[in-house]
Amino acid sequence: MKVVMDSDVLIKFTKTGCKEAIVSLLEVSIPDRVYEETVIEPKGCLDAIKIQENIDNGMILVQGLPSRDKGELEALKLYKSGGFELIASDDRKFLNSLDRNGIPYLTSSSMVVYLLYDNKISLEDTIKYIDNLKMYISQRQYLSAMLEVLKWVK
Amino acid sequence: MGEVMVSRNQSLNNVIDLMRKNGLDEEGAVKRIINLGIQDYVADLYKDGEISIREAAEILQLNFRQTFEILQKKVGGNVEEEQEIKALKLAKKLAERS
């Protein structure tokens with residue numbers, strides 16, 4: 001599955017140790033502005049180095065032309081360029097905008113649940129990854145995702 | 001940049017005194033207090049979904065990563081329950097299709 005990933009989700013996956021699983025199981029692309037926000041601006045920070053490694057080995061693709069647009073707009077443009085299933089973001093205002101435009105999205109936690117549904121990761125890993133995300137996501141998001149996992153177990 | 005004069009109440013004086021004990025001068029202490037207030041206000045706007053992280057970064061004059069760290073500490077995340085449920089439904093649909 002090909003996805004456009006926004007900066008907040010990429011940083012969260014990197015910080016919580018979920019990124020390697022995500023980028024090895026999905027085709028992740030980021031627009032140029034997201035690359036700047038996650039790698040260039042925080043240069044030298046461990047997370048930035050890890051993301052750069054994924055870009056260097058082709059696990060994350062930087063696509064689209066550099067522009068002066070905000071990251072959300074670049075993510076939208078990249079999605080609209082074709083071939084992508086959805087945009088991944090955890091920013092409520094951006095998700096509202098995607099909703100209004102009928103653009104499909106996943107959040108960080110629902111992306112982990114997707115991998116469980118698709119039998120790409122184990123139940124144990126799913127719970128571990130969502131737990132790792134807990135401090136970076138809203139309580140409502142965390143509980144909804146965990147409830148969904150529990151339903152799946154039943 | 002303009003200047004603003006404010007009358008000081010006792011709680012403001014108390015905080016400034018504490019900050020002075022920690023090595024800040026009065027101007028530095030007042031700037032620190034204002035900055036924390038701005039961060040709290042912006043964090044509330046983000047929490048309510050009125051602004052995005054990038055808009056918060058513009059207001060705070062910080063880069064994305066610095067803003068992400070501040071908002072993560074003050075708010076955590078701001079995704080609504082209905083947005084998460086909608087995303088989970090899509091996750092299920094996509095997995096069934098693959």
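Student: Which residue of β2(A) stands opposite V4(A)?

Tutor: This is a predicted model, in which local features need pLDDT of at least 70, side-chain atom pairs count only at pLDDT 80 or more, and totals for chains, interfaces and linings use all residues. Residues are numbered from 1 along each chain as its sequence is written, while chains are lettered from A and ligands numbered from 1 in the order in which they are written. Strands β1 (residues 2–5) and β2 (residues 27–31) of chain A run parallel and are joined by 3 bridges; strands (E, at least two residues) and helices (H or I, at least four) are DSSP runs, numbered from the N terminus. In β2(A), V4(A) stands opposite S29(A).

Student: What is the bridge partner of V3(A) in β4(A)?

Tutor: β1(A) also pairs with strand β4 (residues 86–88) of chain A, in the parallel sense and over 3 bridges; two strands pair if DSSP finds at least two bridges between them. Within β4(A), the bridge partner of V3(A) is L86(A).

Student: Which residue of β5(A) stands opposite A88(A)?

Tutor: β4(A) pairs with β5(A) in the parallel sense, over 2 bridges. In β5(A), A88(A) stands opposite L106(A).

Student: Which strands stand at the edges of the sheet in chain A?

Tutor: The sheet is open, with 5 strands in the order β3-β2-β1-β4-β5 and parallel pairing. A strand with a single partner has one side without a neighbour in the sheet, so it stands at an edge. In chain A these strands are β3 (60–63) and β5.

Student: Is α1(A) roughly parallel or roughly perpendicular to α4(A)?

Tutor: α1(A) packs against helix α4 (residues 46–56) of chain A with the axes 10 Å apart and at an angle of about 100 degrees. Axes are lines fitted to C-alpha atoms, for helices over the stretch in contact, and angles run from 0 to 180 degrees between N-to-C directions. Angles under 35 degrees count as roughly parallel, over 145 as roughly antiparallel, 65 to 115 as roughly perpendicular and the rest as oblique. The relation of α1(A) to α4(A) is therefore roughly perpendicular.

Student: Which residues of α4(A) meet α1(A)?

Tutor: Two residues are in contact if their C-beta atoms, placed from the backbone, lie within 7 Å. On the α1(A) side, the residues are L10(A), I11(A), T14(A) and K15(A). They meet, in α4(A), D47(A), K50(A) and I51(A).

Student: How many charged residues has the side of chain A that touches chain B?

Tutor: The contact takes 37 residues from chain A and 27 residues from chain B. Among the elements of chain A that each supply at least two residues to this side are α1 (7–15) and α9 (139–153). Ala, Val, Leu, Ile, Met, Phe, Trp, Tyr, Cys and Pro count as nonpolar, Asp, Glu, Lys and Arg as charged, and the others, Gly among them, as polar. By class, this side of chain A has 15 nonpolar and 9 polar residues, and its charged residues number 13.

Student: Is N119(A) buried or exposed?

Tutor: N119(A) is in the loop between α7 and α8 (123–133) of chain A, and has a positive phi of about 60 degrees although it is not a glycine. A residue is buried if 20 or more other C-beta atoms lie within 10 Å of its own, exposed if 12 or fewer, and partly exposed in between, with C-beta atoms placed from the backbone. N119(A) has 9 other C-beta atoms within 10 Å, so it is exposed.
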